[in-house]
Amino acid sequence: MKMLSSSSFLFFVFFVICPTVLSSYHNIDGLENYHQLPLPGVAGPESLAFDCNGKGPYAGVSDGRILLWQGPQLGWTEFATTAPNRPRKLCDGSTNTNLEPTCGRPLGLKFNPITCDLYIADAYFGLMAVGPSGGPAQQLVSSADGIPLRFTNALDIDPGTGIVYFTDTSIFFQRRQYFMAIVGGDKTGRLLKYDPKSKQVTVLYRGLAFPNGVALSKDYSFLLLAESTPLRILRFRLQDETANYITPELFAQLPRFPDNIRRNENGEFWVAMNTARGRIQGKQSVSTIPWCTGDPVGVKFDEWGNVVRVIDGNGGNALVSVSEIQEHAANLYMGSSVQPYVSVMKA
């Protein structure tokens, strides 16, 4: 989920995003081996996924649909929807955030590699799933401990157990009110897990300040969570499967708001760092983090928290908003909560 400092928020109010649509690899904004997959009249491909056969990317977009990229000839086609009884005439092609409670707003996406079902964290309709053929998604979880999910954000899956770990960013604020949650210092976010065998949902941790992306380690022994407002990544160790409440430790401090986290095949973690260029008032300064120079929009960590690689946006508009970085088939696919395209770079 995208977040901005107050100055960056005003920037987006007055800045009209009109990117150049590219169909092949080019250098743009100083970025090498870069191109874009333009979306069909919608925006905000917050999270991306690839299915059991390696097809994709799939992207959840602003009008509540999940689209599938089928190559430059066919482009994007509809795969799934999240809102029940979704009115197509009202919703299709919408970029109006006020329509999100009606149309849906899919954020986190992840295929279970065993069942090939797509799990979806919809900001308004909770944790959902749809089969390999797509269509209307089924709601799995809408509340936990009697408290409704108001801002379901990101997820990851343990394929061995089928357990889904996911975040609820706030018990008070919804996605379209995210800026109020940040400036108000909301700390009601939760980390949860859902067991598809028992159909039970468990709150693993409460009191988080804008919990965002989650990613399991390669051996599924721990989980990383982006706590966006404090600009940090937390690690939750999961070895004790009998424990329903776990304590986090600091994994990494960041110079900008962390968004989604994705693990690659080597067990490394890509963390997308959303906009807020320059110094962030009252938060960690870019200049105080040794590895952080230039215009970092994404960073790859190994499983011990060492920095492996940093992606620099070079101050341009192409990567002005990066919500997710996913490594697939020698490419880096980058989502955004506001842009009308998916960015692609050679890995």
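Which residue's backbone oxygen lies 2.9 Å from a polar atom of the side chain of T167? To find out, select T167 and N212 together: the backbone oxygen belongs to N212, and such a pair is a polar contact, meaning N or O atoms within 3.5 Å, where within protein one must be able to donate a hydrogen and the other to accept it, and residues adjacent in sequence count only if both atoms are side-chain atoms.

The model is predicted, so local features need pLDDT of at least 70 and side-chain atom pairs pLDDT 80 or more, whereas totals for chains, interfaces and linings use all residues. Residues are numbered from 1 along each chain as its sequence is written, and side-chain values use heavy atoms, leaving out hydrogens and water.

Next, colour strand β15, residues 164–168, where T167 has its place; strands here are DSSP runs of E, at least two residues, numbered from the N terminus. T167 counts as buried because its relative accessibility is 0%, the limit for buried being under 20% with a 1.4 Å probe and protein chains only. Then show the residues that T167 touches, among them F151, A154, L191 and V214, contact meaning heavy atoms within 4.5 Å.

Now move to the second largest cavity, whose lining includes A154, V214, N260 and E324. A cavity is a set of points on a 1 Å grid over the protein atoms alone where a 1.4 Å probe fits but cannot get out, and lining residues have an atom within 4 Å of a point. Finally, select β22, which gives the largest share of this lining, 3 residues.

How values were computed. Helices (H or I, at least four residues) and strands (E, at least two) are DSSP runs, numbered from the N terminus. Buried means under 20% relative accessible area, exposed over 50%, partly exposed in between (1.4 Å probe, protein chains only). On a 1 Å grid over the protein atoms alone, a cavity is a set of points where a 1.4 Å probe fits but cannot get out, and a pocket is an open set with protein on both sides within 12 Å along at least five of seven lines; lining residues have an atom within 4 Å of a point. Lists of a residue's contacts leave out its neighbours within four places in sequence.
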